[in-house]
Amino acid sequence: MITMDIHKVLSILPHRYPFLLIDKVIEFEPDKRLLGLKNVTFNEPYFAGHFPVRPVMPGVLIVEAMAQATGLLAMESRPGEIGEKSLFYLVGIDKARFKQPVEPGDQLFVEVEVLQIRRGIWRFTGMACVDDKTVATANIMCTARDL
């Protein structure tokens, strides 16, 4: 199984703090699947307002973590097609479901799998888990565009 540390992740994704939501890749199978990890800490800037009484990671950021995982999967699978002179854009989210809150101290495991690649549109299924429990799922569509 191929893995990626934070340095490799930073070399692939254009995102930076506070918007980088994948800390490392635990498993990677080119053109198939990727399992990434996000360590959720109390120091995340969104926890100050969401919600101060009981901090919860916003669902939209969980979906963004899935989208960043799809970018890592696609860009590392096909660096010749999706390279330094292009960006991998999120173009669609379907069937997003949130099953339980993600809180500071959780380890968010994000798994994405390629469903289809056609005419430059990548379709994925994504799942986020904490402690072997599914916290969110979504179908995601992305595409690369030249800068």
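Which side chain does the side chain of Glu27 join in a polar contact of 2.8 Å? That partner is Arg33; a polar contact here is a pair of N or O atoms within 3.5 Å, where, within protein, one must be able to donate a hydrogen and the other to accept it, and residues adjacent in sequence count only if both atoms are side-chain atoms.

A word on the source: this is a predicted model, where local features need pLDDT of at least 70, side-chain atom pairs count only at pLDDT 80 or more, and totals for chains, interfaces and linings use all residues. Residues are numbered from 1 along each chain as its sequence is written, and side-chain values use heavy atoms, leaving out hydrogens and water.

Back to Glu27: it sits in strand S2, residues 24-29 (strands, E, are DSSP runs of at least two residues and helices, H or I, of at least four, numbered from the N terminus). Glu27 is partly exposed, at 24% relative accessible area (buried is under 20%, exposed over 50%, partly exposed in between, with a 1.4 Å probe and protein chains only).

Here are two residues and their contacts, meaning heavy atoms within 4.5 Å.

| Residue | Contacts, leaving aside neighbours within four places in sequence |
|---|---|
| Glu27 | Met1, Ile2, Arg33, Leu34 and Leu35 |
| Met66 | Val110, Val112, Gly126, Met127, Ala128, Ala136, Thr137, Ala138 and Ile140 |

Now for helix H2, residues 59-77. 16 of its 19 residues are buried, so H2 is largely enclosed by the rest of the structure. From first C-alpha to last, H2 reaches 27 Å, close to the 27 Å expected (1.5 Å times one less than its number of residues).
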